Amino acid sequence: MPSPGLLVLFGSQTGTAQDVSERLGREARRRRLDCRVQALDSYSVVNLINEPLVIFVCATTGQGDPPDNMKNFWRFIFRKNLPPTSLCQMDFAVLGLGDSSYAKFNFVAKKLHRRLLQLGGRALLPVCLGDDQHELGPDAAVDPWLHDLWGKVLGLYPVPLDLGTIPAGVPLPSKFTLHFLLAAPRVCSEGQRVAGTDPQGPPSEQQPFLAPMVTNQRVTGPSHFQDVRLMEFDITGSGLSFAAGDVVLIQPENTASHTQRFCQVLGLDPDQTFTLLPREPGVPCPARLPQPCSVRHLVSCYLDIASVPRRSFFELLACLSPHELEREKLLHFSSPQGQEELYSYCSRPRRTILEVLCDFPHTAGAIPADYLLDLIPPIRPRAFSIASSLLVHPSRLQILVAVVQYQTRLKEPRRGLCSSWLASLDPGQGPVQVPLWVRPGGLTFPQTPGTPVIMVGPGTGVAPFRAAVQERVAQGQSGNVLFFGCRLRDQDFYWEAEWMELEGRGCLTLFTAFSREQVGVLGGKGKGPRMQTHLPSPATSRQERKVYVQHRLRELGPLVWELLDRQSAYFYLAGNAKCMPADVSEALTSIFQEQGGLSGPDAATYLARLQRTLRFQSETWA
């Protein structure tokens, strides 16, 4: 390896940026370049001044936010006291992954690129703007950008003539080797693996707390299209502590039937045990896998066989295939020319890794076990807003979970791995334990007494605001204003009785929007009977009759302006990230213009100032 070392650092929320980074690592090794691939927050950022060549791969989440595993790096790199020559020895390139349907498309990558230039870094290329909205996905931008990147890198660090590149059809060595054991030793149990015998510090991803599930209750009506559950866990003795706005992360498992089917297709014995060894020194084994480990545990608790495979999956599978026809198809799927067909086969219908392997049985049956961890990504933990306060529910943690299930052209319905797994658990049939841990969320609430809060939480977005209302009421805080939206009052009005009781005590002002009811309903502190708004004219279209939280905000414009401008209220938003955040922001800027007399540009500046001073905060998800 003649190069001084290429470093690839990624910030990834859903795994796409990590997958692209690992692709970069593989392509570097094929070009005989030494390459390290690391998450940004696992890298000691103070060492960046010594790195000659760095590629940053960054996703943008929510409304222009960095992913969770690069937030510490983000805070450090934007310190104002960093000298402008800090990175003067570094060549760099930034690859961004985003979605152009959002206002702050690839905001993190663009901002990082500018900041690295400010610190003296030399850009090899303009920033790459991968776009999920493109019909071919991010690869439409990534493929040509990588072609140019390798031209630049090899110009700086040419490969010696006696070392050729490793052809694309030849598999690189696997990261790990699996040494199967003849005898069946005592395998570390799930409880021992997760809980540990001597836990150090609070629960974490490496050492979650096995929380007993107390309740698993459906809270939507029986005829409602969406199954939503209120789940409660006992966290007694866990050392877990959280406040309103924090999130809990849960590590799900594959179903027993999927685990069995996977083992059948690959010809694996689920009861066989193995030890895992890295091929290269300094590479750690996955902390979540016990040593020794059973094949059943590897497949059910670690390999994400229910995820939709990425292009890199087909690239490696093609290398490993001994079957000519299957290999030819896999090579086509992994080629730039085959991306449209791959999208139709895989991404559009949400075909899973297990289903793809079933479609390529000769290849699946020939996959060496050593390549399982290279081929299939690990199951990622899922984050849920905590919906309860320890001040009201001591030693308990509650979440609101929408069970994901939908139909594509495939016969089998698509199901969310974590929500479906959680929904299947029944504490009434015996003890149930769920591995979990908590971390700070994107919402922090004011501690100053007397500061009002306006909370906008349609659907399950109301979950963090239930925790906030419980916490603030227990602390004697007033000025709690909640805008809640759902489809139908009698089907998905979460915690209706609780809100009514708090409103009756004068602890909450509630405004509701029922989008599938022709008569909108307004509620508020001290209003007595709940007020009904006017009916739309018969000529109004069905779409126009739908009333959402942004419409309620506009109707209550004078109150919103009074709270924000006169009483220095904080404004919070949580829920689906697609259209609602932009609609709410638009409603606010209209209020600033109509009630505050601001011009359009001044209203936008006012909103930006609220965001900058953390008086406007949002937590949204796709």
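This is a predicted model: local features need pLDDT of at least 70, side-chain atom pairs count only at pLDDT 80 or more; totals for chains, interfaces and linings use all residues.
Let us begin with a pair of helices. Two packed helices are described by the angle between their axes and the distance between the axes. Helix H8, covering residues 311-320, packs against helix H9, residues 324-333, at about 150°, and their axes lie 8 Å apart. Because angles over 145 degrees count as roughly antiparallel, H8 is roughly antiparallel to H9. Their crossing is left-handed. On the H8 side, the contact is made by Arg311, Phe314, Leu317, Ala318 and Cys319, which meet Arg327, Leu330, Leu331 and Phe333 of H9.

Now to the strands. Strands of a sheet pair through backbone hydrogen bonds, either parallel or antiparallel. Strand E7 (residues 176-180) pairs with strand E11 (residues 273-278) in the antiparallel sense over 5 bridges, and Phe180 stands opposite Phe274 of E11. E11 is also joined by 2 bridges to strand E12 (residues 293-294), again antiparallel; here Phe274 stands opposite Cys293.

Further along is an open sheet of 5 strands with parallel pairing, in the order E20-E19-E18-E23-E24. Strands E20 (509-514) and E24 (616-621) are at the edges with a single partner strand each, so one side of each has no neighbour in the sheet. From one strand to the next, the twist averages 10°. At one end of that order, E23 (residues 570-576) and E24 pair over 6 bridges, with Thr620 in E24 as the bridge partner of Gly575. Finally, helix H15 (residues 463-474) lies across E18, E19 and E23, running at about 155° to E18.

Definitions and conventions
Residues are numbered from 1 along each chain as its sequence is written. Side-chain values use heavy atoms; hydrogens and water are left out. Axes are lines fitted to C-alpha atoms, for helices over the stretch in contact, and angles run from 0 to 180 degrees between N-to-C directions. Helices (H or I, at least four residues) and strands (E, at least two) are DSSP runs, numbered from the N terminus. Angles under 35 degrees count as roughly parallel, over 145 as roughly antiparallel, 65 to 115 as roughly perpendicular and the rest as oblique. A crossing is left-handed if the near helix is turned anticlockwise from the far one by less than a right angle, and right-handed if clockwise. Contact means heavy atoms within 4.5 Å. Two strands pair if DSSP finds at least two bridges between them.
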